[in-house]
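Take a moment to turn the model around on your screen before reading on. We will walk through it together, a few residues and helices at a time.

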Amino acid sequence: MTVDARPTVARLERGLSLPSGTAAVQRVLALGALVILFVVFSILSRYFLTFDNLVDILLATAVNGVLALGVTFVITAGGIDLSVGTVMTLSSVTTATVITNWHRPLALGVAVGLATGTACGAVNGVVIAALELQPFIATLGMFYVARGLALIISHSKPIYLTDSQTFLDIAMGKVVPGVPNVVVIFFFVAMVAAVILGRTVLGRYTVALGSNEEATRLSGVATTRWKIAAYTLGGVFTGLAGVLIASRIGSAQPSLGAGYELDAIAAAVIGGTSLSGGEGTVFGTVIGACVMSTLTNGLQLLSVPHEWQMVVTGVILVAAVFLDVLRRRRQRAA
C-alpha cells in the first residue's frame, strides 16, 4: 500500500502550520478560563489584584512558561519529554559550577547552562529518532541521568550564587520598572518561539511530523534530522529555564526539578497543544502557563492545602486532555 504524500508536500510548500479551528476553540476556552479565575479569585481575596501579587503570578509563570515553550515543540512533533524538569536542574547546576566553583566569567556560565540543556535535548532526539526508542522511555531515562549528574556535580549540595549580583540581575533585575527581567525574557522568548513555529521551515516540519510522520518522510523530508532538531530546540528552552531559575533563586538546587515537567506539559496541553501531535501554538502555551500559575496563586491566597491544589491541577489537566480527545474524534468524524 502506497501512502499519497502529495497533500503533505503541498502543505509544506504553502507553509500551512496554523492550527485547526477546533484547536483555536480550546485556546479561547483556556483564555476564558484564565479570565474566570481572575474574576473568582479577585472576589474571594482582596489581595489577588494587588500589583505585588500580579507580579508574583508573572514570576511563577516565567520559568514554567519557558519550559512549556520547549515542550510545545516536542509535543507538536508527536513526541513527549519527561526530562525537562531535571535537565533544567542540571543546567542550573552546571551554570553555578562554572561561575561559583570554577570562578569563570558569567557569560561562560550562562553559555554552559544553555549548552547543557541543548545537549540533553539533542541526545533525546538522537535516541528517539535515530535509535527509534519510544519517547516515553528515552526521556524517562534522561530524567534519571540528568538528576544523577546534577547530584554528582554539586556533591548533593546547593551551589549559591549570591556573590554574583550581575547574574542575579538576569532574572530579578528590573529593566522595565516594577517588572522583573525574567518576565520580560519569558515574553520575548515566547515571541521568538512563535516566529519559529509559525514562520520557519523547522516550525512547518515540526507540525508535519506530528500530523503524519510517514507521509512527511515519503514526501522527501529528512524526518530523522528534523525530529532531532525539534528535541534539540526543546533542550535550548530547557537550558534557558535552568539559567533563569538559578538566577531567580540565587542558587542551584540539585534536588529541584522533579515535577516541573508535568507543569510544563499541563501548560502546553491546556493551551491547545495536542498530545497526538500536529497541533500547537505558542500563544496557547503562554495562556496555559498563566492558567497554571494563577490557579496555584489563588488557591494559596485562599489557604487551600497544597494537597488539594495538586488535586485541582490534576482535574484541570485531565479535562484539557479530554477536550483534546473530543477534538480528534470530531476531526476524524468530519
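In which helix is the place of Ile-249? Ile-249 belongs to helix α10. Keep in mind as you look that this is a predicted model. Is Ile-249 buried, partly exposed or exposed? Its relative accessibility is 41%, so Ile-249 counts as partly exposed. Ile-249 and Leu-168 are 81 residues apart along the chain, and their C-alpha atoms are separated by 8.1 Å.

**How confident is the prediction?**

The average pLDDT of the chain is 89, and 92% of the residues score at least 70. Residues 1–19 are a stretch to read with care, as pLDDT stays under 50 there. For this stretch the model has 27 contacts beyond four places in sequence.

Now find helix α6, which covers residues 135–154. Its 20 residues reach 28 Å from the first C-alpha to the last, close to the 28 Å expected at 1.5 Å a residue. The buried residues of α6 are Pro-135, Ala-138, Thr-139, Met-142, Phe-143, Ala-146, Ala-150 and Ser-154. Why do these residues line one face of the helix? Seen down the axis of α6, they fall within an arc of 150°, so they line one face.

The buried residues of α6 pack against α4, α5, β1, α10 and α11.

Thr-86 is found in helix α4, which runs over residues 84–101. With a relative accessible area of 2%, Thr-86 is buried. Leaving out residues up to four places away in sequence, Thr-86 touches Met-142, Phe-143, Ala-146, Arg-147, Gly-257 and Ala-258. Met-142, Phe-143 and Ala-146 are among the buried residues of α6.

Ser-154, also in helix α6, is buried with a relative accessible area of 5%. Apart from neighbours within four places in sequence, Ser-154 is in contact with Val-93, Ile-159 and Pro-254.

Helix α7 spans residues 165–172, and its buried residues are Phe-167, Leu-168 and Ala-171. Seen down the axis of α7, these residues fall within an arc of 100°, so they line one face of the helix. What covers them includes α4, α5, α8 and α10.

**The nonpolar cores**

The largest nonpolar core has 59 residues, of which Leu-69, Val-182 and Phe-237 touch the most other members. The elements that give two or more residues to this core include α2, α4, α8 and α12. Which helix gives the most to this core? It is α3, with 12 residues. Look at Phe-237 too: leaving aside residues up to four places away in sequence, Phe-237 touches Val-66, Leu-69, Gly-70, Phe-73, Val-189 and Ala-193. There is also a second, separate core of 16 residues, which includes Leu-90, Cys-120, Val-243 and Ala-252.

At 1.5 Å a residue, α3 should span 38 Å, and its end C-alpha atoms are 35 Å apart, which agrees. α3 also bends by about 30° at Ala-62.

**Residues with a positive phi**

Most residues other than glycine have a negative phi.

| Residue | Phi | Where |
|---|---|---|
| Gly-78 | about 90° | just after α3 |
| Glu-132 | about 60° | loop between α5 and α6 |
| His-155 | about 55° | just after α6 |

Is Glu-132 buried or exposed? Glu-132 has a relative accessible area of 66%, so it is exposed.

Methods:
Residues are numbered from 1 along each chain as its sequence is written. This is a predicted model: local features need pLDDT of at least 70, side-chain atom pairs count only at pLDDT 80 or more; totals for chains, interfaces and linings use all residues. Side-chain values use heavy atoms; hydrogens and water are left out. Helices (H or I, at least four residues) and strands (E, at least two) are DSSP runs, numbered from the N terminus. Buried means under 20% relative accessible area, exposed over 50%, partly exposed in between (1.4 Å probe, protein chains only). Contact means heavy atoms within 4.5 Å. pLDDT is the predictor's confidence in each residue, from 0 to 100. The expected span of a helix is 1.5 Å times one less than its number of residues. The arc is that of the directions from the helix axis to the C-beta atoms. A nonpolar core is a set of buried Ala, Val, Leu, Ile, Met, Phe, Trp, Tyr and Cys residues joined through side-chain atoms within 4.5 Å. The bend at a residue is the angle between axes fitted to the seven residues ending there and the seven starting there.
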